Amino acid sequence: MTTHPIAWLCIVVFILAYMAVMAEEKLHLSKSKPVILAAGIIWALIAWLAIGEGVSHESLSKAVMHDLEEYSAMFLFLLVAMTYINAMEERRVFDSLRSWLIRKGFSYRQLFWVTGLLAFFISPIADNLATALLMGAVIMSVGQGSPAFVTMAMINVVVAANAGGAFSPFGDITTLMVWQAGKVEFFTFFSLFIPSVVNFIIPATIMNFFIENGRPAALEDQSSIRKGGLVICVLFLMTIALAVSFENFLGLPPFMGMMTGLSLLMFYTYFLQLRGLTSSRPIPGVDDEKKEDLDIFKRVAHAEWDTLLFFFGVIFSVGGLRYLGYLEVISETMYTGIGATWTNITAGVFSAVVDNIPVMFAILGMNPEMDVFQWLLITLTAGVGGSLLSIGSAAGVGLMGTSKGRYTFLSHLKWSWAIALGYAGSIAAHFLVNG
């Protein structure tokens, strides 16, 4: 049905919705809103077209439920991860790390490397957006007297967070999608570690020579981890281990392990309440602003719902285009005509303009015949390709919103050539190490 005018209209609806997503900062419109609307319109048009062609309601419903199954598994997995991150944030785990960095009195060049390395190694566990925002807060605090340092350090953090997320199934939504689709086994992702390091090190080394000498004034910033914060960190690692174990040893979807891990967090917060260390109810004689509130359902409520619902819109919009046959046509043209290697490299560059989530979901929907090496290649390129532009990843978009104009699209663009060298270097490293 790819040549039918209604099918063309579905393409137009998707493009318009994604243009609104790309203009999120200008429109002040949450990215989930246009794609959810697009998903509803696309499937309504598909139903109108399909019924006219004699397709049964049961067949249409089966196609929609297939997309729902994919979304629900990803939704539950991400919801648990976000809840843990929010709980650690409430226990001031990240504030404590930020406070320690500020008190150390590092030089500008040392801060450039420390924040970059921390972003690289935190993002495989936490998502790249949370990691970038944490490091961004540190950079803004210590770099107040040097706008040039703030700009370059934030570019470095974006590259590092995206590179660190590329070698871990938990580091980015795209890697999680590839793992849950069964294309790459859990521990195989870590073979991308060296290519990810190369992707981070090349532009960081180049920018290092342009960092000014000097040392920012040491700031007094006192913040300590609240009771139970370190235990919650351990429980998060246990939850990740459960997700891996459920999938590898029991043959169950990873989200079952994550949900089991969420129950551990729920019981631990209940234990803290019993000991009087925290409360989900008003505490007599304690100011609401001073009380420690670790109500787990409030942590769930504070999840990144815009991202979770954006993911819904993307999966159902792209799923509709797949149902119409467009992904099959693109797969035949690209993967059969051009070849898997160049298609995967091009897709990574494309993800700098269009978010890597729909790019990866479209490729998974095409389901081209590729070996593990090629699936790792598209995982790498889709993960780090977004660093080429500031709008290419959630980390870049997030920092643009919090940098008070010091990190912008144009300031990032000035260093895109160095980031592109890292992109090319990471691909070369993948061929040398894993080829």
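User: Which residue forms a salt bridge with D67?
Analyst: D67 forms a salt bridge with R322, and the closest N and O atoms are 2.7 Å apart; a salt bridge here is a side-chain nitrogen of Lys or Arg within 4 Å of a carboxyl oxygen of Asp or Glu. This is a predicted model, in which local features need pLDDT of at least 70 and side-chain atom pairs count only at pLDDT 80 or more, while totals for chains, interfaces and linings use all residues. Residues are numbered from 1 along each chain as its sequence is written, and side-chain values use heavy atoms, with hydrogens and water left out.

User: Where do D67 and R322 sit in the chain?
Analyst: D67 is in helix α4 (residues 57-90) and R322 is in helix α14 (residues 305-324), so the pair links distant parts of the chain, 255 residues apart; helices are DSSP runs of H or I with at least four residues, numbered from the N terminus.

User: Is D67 buried or exposed?
Analyst: D67 counts as buried, at 1% relative accessibility, whereas R322 is partly exposed at 22%. Buried means under 20% relative accessible area, exposed over 50%, and partly exposed in between, using a 1.4 Å probe and protein chains only.

User: New topic: how many salt bridges are there?
Analyst: The count comes to 3 salt bridges.

User: Which residues are linked in a network?
Analyst: E90, R91 and R226 are linked in a network of salt bridges: R91 meets E90 at 2.7 Å, N to O, and E90 meets R226 at 2.8 Å. E90 lies in helix α4 and R226 in the loop between α10 (193-208) and α11 (229-248), so this pair ties together parts that are 136 residues apart in sequence.

Methods:
Helix = DSSP H or I, 4+ residues; strand = E, 2+ residues; numbered from the N terminus.
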